[in-house]
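Subject: Structure handover

Hello,

Here is the structure for your work. My notes on what was found in it follow below.

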Amino acid sequence: MPLVAAATGGTPTRRPVWFMRQAGRSLPEYRAIRADHGMLESCFDPAMVCEITMQPVRRHDVDAAILFSDIVVPLKAAGIDLDIVAGTGPVIEHPVRTADDVAALPALESQSVGAIARAVGLILDELDDETALIGFAGAPFTLASYLIEGGPSRNYTITKSMMYSAPELWHALMGHLADITITFLRAQLDAGVDAIQLFDSWAGALSGADYRTFVAPHSARVLAEVSDFGVPRIHFGVGTGELLSSMTQVGADVIGVDWRVPLDEAARRVDGDVAVQGNLDPTVLFAGDAVVDAHVRRIVAEGQRAIAHGARGHIFNLGHGVLPGTDPDVITRTVELVHTI
């Protein structure tokens with residue numbers, strides 16, 4: 001598998017490429033299948049998860065499928081009252097803000113995500129031997145931010161307030177969320193995924209010191225508890241240029257880089273034996289073929305320089321997810337270009 005080879009220091013047969021949110025609203029076939037189904041309903045239906053996961057693989061010839069799911073799926077499976085509201089995102093019915101709230105949080109049992117494990121089996125039956133299946137989960141900090149704020153936030157005011165003013169409560173919550181994340185990832189790994197990605201989507205809101213004190217120990221435990229499977233562990237967050245070294249040190253084999261930091265600079269900041277993943281700005285896909293061509297070639301060159309600096313390999317991706325209005329034909333042409341350079 002080209003992705004696994006690049007992630008582990010091997011020689012891929014071609015430069016691997018996949019896209020965060022490659023399965024989603026940019027595809028007409030996705031919009032059609034989701035027309036009469038809610039997001040959470042879709043995430044717990046093995047046949048729908050399989051179909052949606054496979055759609056971009058069939059259309060774009062990407063080198064990896066990523067399991068169609070949502071960051072809050074394990075929270076829902078554990079029994080936390082939440083919904084995904086169109087145009088808003090996850091909304092928590094009863095935010096977690098006190099010691100009693102943390103003590104009342106349920107654990108996640110592996111059988112509660114049996115539908116996700118069954119979906120993995122269906123996907124693996126359809127994938128060829130060269131296309132990797134990536135499982136994923138939200139990291140404890142990102143899950144905590146949703147639970148504490150009650151939904152998406154710009155400034156994470158309540159989250160950071162708890163972190164600073166009640167560190168013992170904070171670490172208790174993070175430990176509980178690490179347990180949930182480990183159970184969710186191990187269920188996917190037991191079912192046979194070829195790699196996992198830990199999304200700490202909102203870690204970029206933190207300083208380096210706060211990340212190392214309040215977040216890194218819990219993310220490190222998550223990645224340590226899945227290390228026995230021997231599959232590549234990818235770690236990614238948005239706006240995390242100043243955290244790349246710390247996010248790698250928690251146990252990543254591949255560090256995801258957003259578009260703000262060139263890949264060769266990211267390799268210098270990390271200065272370790274890991275692969276780099278990224279990092280085309282998603283908005284470039286709207287700028288026309290000539291612009292896409294120039295940026296793709298630039299990123300490939302930066303990836304090559306990152307390898308020369310000591311990175312294990314380069315996995316081409318966006319610096320965040322595919323935007324909803326993206327022309328899927330542009331994505332297909334981008335994959336073809338990456339494979340020919």
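A polar contact here is a pair of N or O atoms within 3.5 Å; within protein, one must be able to donate a hydrogen and the other to accept it. By that criterion Asp45 caps the N-terminal end of helix H4, with a side-chain oxygen 3.1 Å from the backbone nitrogen of Ala47. Please keep in mind that this is a predicted model.

Helix H4

H4 covers residues 46-60. At 1.5 Å a residue, its 15 residues should span 21 Å, and the end C-alpha atoms are 22 Å apart, so the two values agree. The helix has a kink of about 30° at Met54, shortly before the proline Pro56.

Because 11 of the 15 residues of H4 are buried, the helix is largely enclosed by the rest of the structure. Those buried residues are Pro46, Met48, Val49, Cys50, Ile52, Thr53, Met54, Gln55, Pro56, Val57 and His60. What do the buried residues of H4 pack against? Their partners are helices H2 (28-34), H3 (39-43), H7 (114-126) and H15 (328-340), together with strands E1 (64-66) and E4 (132-138). After H4 comes Asp61, which has a positive phi, near 60°.

Helices H8 and H9

The axes of H8 (residues 140-149) and H9 (residues 157-165) come within 8 Å and cross at roughly 110°. Angles of 65 to 115 degrees count as roughly perpendicular, which means that H8 is roughly perpendicular to H9. On the H8 side the contact is made by Phe141, Ala144, Ser145, Ile148 and Glu149, and on the H9 side by Thr157, Ile158, Thr159 and Met162.

Thr159, in H9, is buried, with a relative accessible area of 0%. Leaving aside neighbours within four places in sequence, Thr159 is in contact with Phe141, Ala144, Ser145, Ile148, Glu149 and Trp170.

The loop between H8 and H9 holds Tyr156. Is Tyr156 buried or exposed? Its relative accessible area is 7%, under the 20% limit, so Tyr156 counts as buried.

Backbone geometry

Most residues other than glycine have a negative phi, and most peptide bonds are trans. The following places are worth a look with that in mind.

- Tyr156 has a positive phi, near 55°, and is a residue other than glycine.
- Arg21 is not a glycine either, yet has a positive phi of about 60°. Arg21 is found in the loop between helix H1 (2-7) and H2.
- The peptide bond from Gly278 to Asn279 is cis, with omega near -5°. Asn279 belongs to strand E8 (residues 275-280).

Arg312

Arg312 is in the loop between helix H14 (289-308) and strand E9 (314-318). At 23% relative accessibility, Arg312 counts as partly exposed. Not counting residues up to four places away in sequence, Arg312 touches Ala6, Ala7, Thr8, Gly9, Asp253, Asp273, Val274 and Ala275. With Asp273 there is also a polar pair: the backbone oxygen of Asp273 lies 2.6 Å from a polar atom of the Arg312 side chain. Ile71 is 241 residues from Arg312 along the chain, and their C-alpha atoms are separated by 28 Å.

Regards

Definitions and conventions. Residues are numbered from 1 along each chain as its sequence is written. This is a predicted model: local features need pLDDT of at least 70, side-chain atom pairs count only at pLDDT 80 or more; totals for chains, interfaces and linings use all residues. Side-chain values use heavy atoms; hydrogens and water are left out. Helices (H or I, at least four residues) and strands (E, at least two) are DSSP runs, numbered from the N terminus. The expected span of a helix is 1.5 Å times one less than its number of residues. The bend at a residue is the angle between axes fitted to the seven residues ending there and the seven starting there. Buried means under 20% relative accessible area, exposed over 50%, partly exposed in between (1.4 Å probe, protein chains only). Contact means heavy atoms within 4.5 Å. Axes are lines fitted to C-alpha atoms, for helices over the stretch in contact, and angles run from 0 to 180 degrees between N-to-C directions. Angles under 35 degrees count as roughly parallel, over 145 as roughly antiparallel, 65 to 115 as roughly perpendicular and the rest as oblique.
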